[in-house]
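Reader: Let's go through this one together. Can you take my questions as they come?

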4 protein chains.
Amino acid sequence: MWGGRFAGGPADVMREINASIAIDKRLWREDLAASRAHAAMLAQTGILSSEDAAAIDQGLVAIAAEYEAGKLTEDPALEDIHMHVEHRLGELIGPAAGRLHTARSRNDQVANDFKLFVRSAIDETLERIDALEEALLTRAEEHAATVMPGFTHLQSGQPVTLGHHLMAYQGMLVRDRSRFADARARMNECPLGSAALAGTGFPIDRDATARALGFDRPSANSLDAVSDRDFVVDYLSAAALTAIHLSRLAEEIILWSSQPFGFVTLPDAWSTGSSIMPNKRNPDAAELVRGHSARIVGDLVALLVLLKGLPLAYAKDLQDDKPPLFDAHDLLSLSLAAMTGMLADLVFVPERMRAAAAAGHATATDLADWLVREANVPFREAHHIAGRAVAAAEARGAVLDALSLDELRAIDSRIGEAALPVLTVEASVASRVSAGGTAPVRVIEAIAAARAARRSDK
Amino acid sequence: MWGGRFAGGPADVMREINASIAIDKRLWREDLAASRAHAAMLAQTGILSSEDAAAIDQGLVAIAAEYEAGKLTEDPALEDIHMHVEHRLGELIGPAAGRLHTARSRNDQVANDFKLFVRSAIDETLERIDALEEALLTRAEEHAATVMPGFTHLQSGQPVTLGHHLMAYQGMLVRDRSRFADARARMNECPLGSAALAGTGFPIDRDATARALGFDRPSANSLDAVSDRDFVVDYLSAAALTAIHLSRLAEEIILWSSQPFGFVTLPDAWSTGSSIMPNKRNPDAAELVRGHSARIVGDLVALLVLLKGLPLAYAKDLQDDKPPLFDAHDLLSLSLAAMTGMLADLVFVPERMRAAAAAGHATATDLADWLVREANVPFREAHHIAGRAVAAAEARGAVLDALSLDELRAIDSRIGEAALPVLTVEASVASRVSAGGTAPVRVIEAIAAARAARRSDK
Amino acid sequence: MWGGRFAGGPADVMREINASIAIDKRLWREDLAASRAHAAMLAQTGILSSEDAAAIDQGLVAIAAEYEAGKLTEDPALEDIHMHVEHRLGELIGPAAGRLHTARSRNDQVANDFKLFVRSAIDETLERIDALEEALLTRAEEHAATVMPGFTHLQSGQPVTLGHHLMAYQGMLVRDRSRFADARARMNECPLGSAALAGTGFPIDRDATARALGFDRPSANSLDAVSDRDFVVDYLSAAALTAIHLSRLAEEIILWSSQPFGFVTLPDAWSTGSSIMPNKRNPDAAELVRGHSARIVGDLVALLVLLKGLPLAYAKDLQDDKPPLFDAHDLLSLSLAAMTGMLADLVFVPERMRAAAAAGHATATDLADWLVREANVPFREAHHIAGRAVAAAEARGAVLDALSLDELRAIDSRIGEAALPVLTVEASVASRVSAGGTAPVRVIEAIAAARAARRSDK
Amino acid sequence: MWGGRFAGGPADVMREINASIAIDKRLWREDLAASRAHAAMLAQTGILSSEDAAAIDQGLVAIAAEYEAGKLTEDPALEDIHMHVEHRLGELIGPAAGRLHTARSRNDQVANDFKLFVRSAIDETLERIDALEEALLTRAEEHAATVMPGFTHLQSGQPVTLGHHLMAYQGMLVRDRSRFADARARMNECPLGSAALAGTGFPIDRDATARALGFDRPSANSLDAVSDRDFVVDYLSAAALTAIHLSRLAEEIILWSSQPFGFVTLPDAWSTGSSIMPNKRNPDAAELVRGHSARIVGDLVALLVLLKGLPLAYAKDLQDDKPPLFDAHDLLSLSLAAMTGMLADLVFVPERMRAAAAAGHATATDLADWLVREANVPFREAHHIAGRAVAAAEARGAVLDALSLDELRAIDSRIGEAALPVLTVEASVASRVSAGGTAPVRVIEAIAAARAARRSDK
């Protein structure tokens, strides 16, 4: 393969560490598509005769059929998918196969194939995020007015609606989609034609190849094009943050389905049992989603470390770009699918949520706000009064909204009868009507706005 | 500060781990600007009397003057910058200070302040990247036709032009700028008015505050707004990849200035010596730029790990978002400035570069291409012939372009006299005229195109 | 400082990126101690006259007094702590100061100083871990028989004792201590005398310096000695895992103090409130401990990335070794102290724990085990029967141990009256007497064994 | 499998995310060995009849033969290797198979199997490190007196010997071995018998099982035992640092084999060519070793992130512990083997090394030291004089040791004729006889000492 300068073959361990076919065979579709586009361009520009071009194209189509049928036999001596294809092409069409590699190199070829793969991975990820958003919107609509405790520091803070809580995750996913879309736009330049590193003297038409493969334009600098792996890092950065968002939702599902919370019941389809404890019903899928985020972060780190300090242009280190990307893409795809299925099937237990919301004196802020609004007390002072009311309730072993007017007035005489109704959790959520607030009316508006934005995105 | 529910004060260690003023005092400008906008909005909506609003505004202006003059005294008991400001406001204007915290919470306040900071950090970073691009364009123009070895695997591959090499880095920086710009657009939503987590019942005008602070709109969901740190991750992701790009350029400067390469001389202004070895002239700045990339990657990892598995909404873990961001921003700023200065002052040694380009048989591909083009040899065969020519040159202890026509024809008789001129490094680079190729004419075009794109960006 | 080869001074940005005094001034004690040992050795070997050595020693002692009194003035032109000391020594004792740097270089000097620092950091960390173990042992002893739910997947699995649960963390800390102790033993070789990279021709006595500074021996290879930062990585690896252990305990404290769990109450000394919600009592210290683990992981990553791909010997990148180490050490120290204080003061609520243990059908395994033991049912079948009993209890809205004998026999007639007592949580924990099991008797033994092992460690 | 509480089966995506058989089938040897030990103990303690125990043991032996012959058929419905074995055992021996799971759970089973695997991985890694050390010692001995430039900051600093340089890496590997050995000692406690999380009421003999499986003792706390993955982190920490060491050596091989350096020639067996450039001879194996270090760092990060914030005891997240460990172990094994082979076959080019050593004025320190030693000049002044000599040589376009005595005396009259001989690179290395220094005599001693230490380790 490397021609006339080499006398001896590789050592066994060298062959083993060097071969990438077990990994990069996954790029066969991209490799064949790109080779067909390259050959067509070589023919259009007269670099290749039309006969050779036709033979090459038929050969590549035949190989596609073979691979689709599972007939790719891995041969470590042929190193990678590019050499497997070229070798098989030679078997099928003879010496003309040797002309396909005119005006290109494995350096631009692999950058190009891998870009095509990552672009498809982005498109698939965008669809999976979309499906999870849809599930969130559906459940949020259903529970736009369901009251639950709003936690900060995992301490009950103020009552919120479950719909509002779920819409917080939809908001994260909107940013996640935007991140993948930005990555796609930034990467969509075709490296093909950069050859080994310096471009080529053949009169190629890079615009034609770029167009044929759905790229926006050819890449601008041949040295950059063969050594650039930004598009891999961009995918992994976006994937890592999406996975971290999913880990937060997974953590909540795990908490909510624990006995002390009891906010949701996991259906059998999303639970596992124990080989020893007959009472178990475990949220394994949520735990695995949370765990997968760790591995995706590890994959991102691997890529960044890989690139650190590499001089231009191509270095073999870059062969290690694929395992982390494949791993992260598979894990994220599965995580998104599992989360979508789980969300759709979760059985919420509104009475447990409402009870928990009431239990934490969660309307103490409402009392303070009432004092500010109706009795013109500075907020800091009102906050102090409400705190004393909570302490009084605790001392009595009751929750805040069980205090009588007399008890409240004993703390501060400015508290009037009109303050009592604001202390229920339903009144509290209904009152938070500021833009982006938790009131059911706002949640319904937010769902409508999200649906409209999604329609206009498509 | 926390009012009536608390009897005892914090333990010493608790106070120590909890206080963030030593870190977040850096946000004082943002905190004061946001408080002024909040107070103005409270007055416009009638929630605050105009007298109170005026007193608060004057107080905040006075505090700004004090802090500008270095008069911020840190008090761990006041925890953070928000409490320092509020406490000082109370000293300056009395109880009316207590009304400023109406309809907001530290949760939305800190998210808002930090967003303002990160937005400024992006703007500053964009300017610094711009300056480095300018330096690269200047030097690339100067050296559009300077020949150097083009390496892959750090082995001499084909000759390239130094201008082309430098433009590869300019291309990376274009993507870096685009990444920061995307991050800026995505983050530019105002969290203020989300209050603790649920929004508020006060009739606030979030559009007004958002507008006053230069945000595109208010954030859409109060729970998300107080627990979202995506904007920090977005900054750090973009910073990590920019730093990795700089680490590659730094690695090259270190290589190029080593004695065996000798491609550049570092001026005294960018060198250091040794405390023991009088002969040393070290590229410390380049090494520090390379080293800083490691710490910035560490900062990104810290943020991702921080967020993993956190339930909604705000958790105190989020206080640890600031040290990694400040660290990465400072390191990246310094790295970009150092690289810009170094680049501008580097003394290139074209004769060493040209000699190295010729030494590696770097025009072997040109011989193979000539055989394809002029003698219609399939590329794979031509590659083999050229490889044998390299082996012959090596055996003779010469470089490829020193072989005579007879010697070449002894290898393959199809090699004609016209092949000889293509074997010089100058002819080689001049021939690579494909789009994005290394030919001087293409490099000059690329510089012009980059300049035009930069003008239209501004 | 770099002598005769340099004509011009550094650029401003160069000076800024290069100076490390703001960071490494923290090493002043180590630098002075090592310089005193070096000077003493130079005198013993006759390289330095006894007059010069005496003057140098007095000068260094004087500088120590100045620095102790806070009189170190940072001068970026003097770069680092080593140059600050040497410059000040020159001011104090004149030209003899110039002889101190004989037979050493900043390369071995900084490796040596930093090793001394890390060794102290390990010793301090070992003490802090010890204190936390002590707190765990005390609370475990107090609650050796307190019943709580044992969770897997955060689902109630089997009852355990709180003492047993706390001892699990003590076990992690034993491993943590062992990791730091291993690191200390591995690092305790003295780099001093390696000079710049190659050793020296002066007749120095490296054993003497090593002994004077408490090292086990001099390092074996001068190139390795000046470029080795394994000891920093070893500290950070051990710190990261310790911090991860603490993050798990922190997570549990956060869960346990949430209203739905209610297993512990945080005293005022370890709680914070909210600026807006008067009802809050937040476990901030636990959250910060959890958050700090993220930053410590980031610090470890920074060091590994820093070292990747560096050729021998010293490179300036290594200057970036100190910020991550200092950061991790400070964060870990504070985390351990906070956790020790929190643990000691936590108010456990045994009745909530016991109730939760009973609520999850947590003794279903005991029923299955009874069937295996007393009725010779294969475990897999017994597991199935107990699972049906749980389903029956759930259908009735009761917990398992509320089922009557008749109800149980309706599921499987082999269940006898003697099975009923095993269904209480107290009987369950008492029965798990296997080595390392949760039975109170085993917990008490485990505490005694841990105490004995600790005594023999000291 | 989970018995009577479950009515419906898992969703498809649930089954897909949950099944681990494709990964953990790699543990089949460990699973079978541990099950045999567990069954034998159950029989010894009378928990299992001797007939059942014999049937189980024969069944397990039969399964081992099947798996060895490649007859493990993966069935996602059976989830993992443990269930595959148990299911197959049932097919082979009938209901008695159900008794094997008495007094154990998958939680202690998987912890135990994985520990056995990691322990073997450590043993294999120790052997591979050993082989690389052997290769280093052999080449170091061969080149104990070969002179090369000693670099700091990749600038020529002082001459060193190649043997000394290679021994620096042997020193790193000694620490690497020690790190793996410490990890092995720390992990060698048997989790079996911890059951699900709480221990068991069956009268098991944990010492017997531990002994049978080569563990030092049973683990001390059942909750810790099932949720502990420290041993995985310990392996990965040690692997990451070893890989980073290899990345440094790989970087040097890449540099040394570049045309400008030319210090080594890679034989064909360890080189690859280019698909387009016939002149290439690429150090792919070294680049892949460098690249693999990035992925191993990513694997370590994955594990640390995975464990962060997990409450006790077992959580399904822990299933994600295996892919990073398997990946890191495979990559490190291959990296060590490739480096060992490459080192053994590298062709050093001593004349290029010697020439480079002389080219960098590398004996300037020797001149300074001579002035200190022979003319009693304070080191700082001597350093300055030598720096002026370097500047003079540079101005003349010569190297330092080409200056005449007159030229040197023009710089400082204290330089005598006796100074001239110290300016050769051979004299320089011969002079650095301090302990751990680069003088050939010291290198030979260091090799002997390393060999002696290795013998006494075995």
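Reader: Are C:Glu133 and C:Arg454 buried or exposed?

Author: Both are buried. Buried means under 20% relative accessible area, exposed over 50%, partly exposed in between (1.4 Å probe, protein chains only). This is a predicted model: local features need pLDDT of at least 70, side-chain atom pairs count only at pLDDT 80 or more, and totals for chains, interfaces and linings use all residues. Residues are numbered from 1 along each chain as its sequence is written, chains are lettered from A and ligands numbered from 1 in the order in which they are written, and side-chain values use heavy atoms, with hydrogens and water left out.

Reader: What does C:Glu133 form with C:Arg454?

Author: A salt bridge, with the closest N and O atoms 3.2 Å apart. The rule asks for a side-chain nitrogen of Lys or Arg within 4 Å of a carboxyl oxygen of Asp or Glu.

Reader: Where do the two sit in chain C?

Author: C:Glu133 is in helix α6 (residues 106-142) and C:Arg454 in helix α18 (residues 440-457). The pair links distant parts of the chain, 321 residues apart. Helices (H or I, at least four residues) and strands (E, at least two) are DSSP runs, numbered from the N terminus.

Reader: How many salt bridges over all chains?

Author: The search of the whole structure finds 184. In chain A, a network of them links A:Asp130, A:Glu133, A:Glu134, A:Glu141, A:Arg177, A:Arg451, A:Arg454, A:Asp457 and A:Lys458.

Reader: Switching to the interface of chain B and chain A. How many salt bridges there?

Author: The rule finds 14 across it.

Reader: Which residue of chain B does A:Arg186 meet in a salt bridge?

Author: B:Asp182, at 2.7 Å, N to O. The pair crosses between chains, from helix α7 (residues 162-187) of chain A to helix α7 (residues 162-187) of chain B. A:Arg186 is buried, at a relative accessible area of 12%.

Reader: And what about B:Arg179, what is its partner?

Author: B:Arg179 forms a salt bridge with A:Asp230, 3.3 Å between the closest N and O atoms. B:Arg179 lies in helix α7 of chain B and A:Asp230 in helix α10 (residues 230-256) of chain A, so the pair joins two chains. B:Arg179 is buried, with a relative accessible area of 7%. A:Asp230 counts as buried too, at 4%.

Reader: How much area do chain B and chain A bury between them?

Author: About 8500 Å², 57% of it on carbon and sulfur atoms. Buried area is the accessible area (1.4 Å probe) that two parts lose on being put together, summed over both. B:Arg248, B:Leu312 and B:Arg380 supply 9% of the area that chain B buries against chain A, more than any other three residues.

Reader: How many residues are in contact?

Author: 102 of chain B with 102 of chain A. Contact means heavy atoms within 4.5 Å.

Reader: New topic. Where is A:His153?

Author: In the loop between β1 (147-152) and β2 (155-161) of chain A. A:His153 counts as buried, at 7% relative accessibility.

Reader: What is A:His153 in contact with?

Author: Leaving aside neighbours within four places in sequence, the contacts of A:His153 include B:Tyr314, B:Lys316, C:Ile254 and C:Pro283.

Reader: Which side chains make polar contacts with the side chain of A:His153?

Author: C:Asn282 is one, at 3.4 Å. C:Glu287 is another, at 2.5 Å. A polar contact is a pair of N or O atoms within 3.5 Å; within protein, one must be able to donate a hydrogen and the other to accept it, and residues adjacent in sequence count only if both atoms are side-chain atoms.
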